[in-house]
Amino acid sequence: MIENVIPILNVKSLKASLEYYENALGFTKDWGNDGFAGLSRDGWRIYLSQEGQGQSGTWLWVGVEDVDAMYTECTSKGAKLTSEIISNAWAREFQVEDLDGHVLRFGGEPEAE
């Protein structure tokens with residue numbers, strides 16, 4: 001049985017990335033050292049690895065209950081949005097890029113027909 005899946009994102013500066021994820025995206029640092037840290041938000045986790053694991057440009061799907069509220073939060077906190085809210089047949093979503101080129105696709109239920 002799989003317990004969970006946690007993405008590990010490669011970052012150039014752990015300090016700068018922690019500040020971005022905490023201040024612009026609302027994550028909380030749970031633990032960390034000079035090269036590796038764990039963050040969480042609403043019970044879900046992301047790991048950041050300073051130049052140790054992975055590569056830049058990873059894309060993540062982040063399901064949210066309220067796409068509009070998340071969009072407003074990210075906009076007001078200075079997150080680097082790379083799209084407005086897009087309505088697809090499968091979901092409403094928008095995209096945010098972090099300091100290292102990773103893209104977080106925040107999405108939720110599609111619009112009712």
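Start with the largest nonpolar core of this predicted model. Select Tyr21, Leu25, Leu48 and Phe106: of the 24 residues in the core, these touch the most other members. Then colour β1, α1, β3 (36-41), β4, α2 (67-76), β8 and β9 (103-108), each of which supplies at least two residues of the core.

Stay on Leu25 and show its surroundings. Not counting residues up to four places away in sequence, Leu25 touches Tyr20, Arg41, Met70, Glu73, Cys74, Ala79, Val96, Leu104 and Phe106.

Next, select helix α1, residues 14-23. Which residues of α1 are buried? They are Leu14, Ser17, Leu18, Tyr20 and Tyr21. Turn the view to look down the axis of α1: the buried residues fall within an arc of 165°, so they line one face of the helix. On the face turned away from that buried side, look for the exposed residues Lys15 and Asn23.

Now move to the open sheet of four strands, whose order is β1-β4-β3-β2 with mixed pairing. Its edge strands are β1 (8-11) and β2 (28-32), each pairing on one side only. From one strand to the next, the twist averages 30°.

Walk across the sheet from β1. Strand β1 pairs with β4 (residues 44-50) in the parallel sense, over four bridges. To find this pairing, select Ile8, which stands opposite Tyr47 in β4. Strands β3 and β4 run antiparallel and are joined by six bridges; here Ala37 stands opposite Leu48 in β4. The two strands form a hairpin with two residues between them, and Asp42 in the turn has a positive phi of about 55°. At the next step, four bridges join β2 to β3, again an antiparallel pair. Lys29 stands opposite Leu39 in β3, and a hairpin of three residues joins β2 to β3.

Select β3 alone. How many of its six residues are buried? Six of the six are. In a regular strand the side chains alternate between the two faces of the sheet. In β3, Phe36, Gly38 and Ser40 are buried on one side, and Ala37, Leu39 and Arg41 are buried on the other.

Finish at Arg92 in strand β8, residues 92-97. Is Arg92 buried or exposed? Its relative accessibility is 14%, so Arg92 counts as buried, the cut-off being under 20%. Show the side chains of Arg92 and Asp68, which are joined by a polar contact of 3.0 Å. Leaving aside neighbours within four places in sequence, the contacts of Arg92 also include Val67, Ile85, Ile86, Phe106 and Pro110.

Methods: Residues are numbered from 1 along each chain as its sequence is written. This is a predicted model: local features need pLDDT of at least 70, side-chain atom pairs count only at pLDDT 80 or more; totals for chains, interfaces and linings use all residues. Side-chain values use heavy atoms; hydrogens and water are left out. Buried means under 20% relative accessible area, exposed over 50%, partly exposed in between (1.4 Å probe, protein chains only). The arc is that of the directions from the helix axis to the C-beta atoms. A polar contact is a pair of N or O atoms within 3.5 Å; within protein, one must be able to donate a hydrogen and the other to accept it, and residues adjacent in sequence count only if both atoms are side-chain atoms. Contact means heavy atoms within 4.5 Å. Two strands pair if DSSP finds at least two bridges between them. Axes are lines fitted to C-alpha atoms, for helices over the stretch in contact, and angles run from 0 to 180 degrees between N-to-C directions. A nonpolar core is a set of buried Ala, Val, Leu, Ile, Met, Phe, Trp, Tyr and Cys residues joined through side-chain atoms within 4.5 Å.
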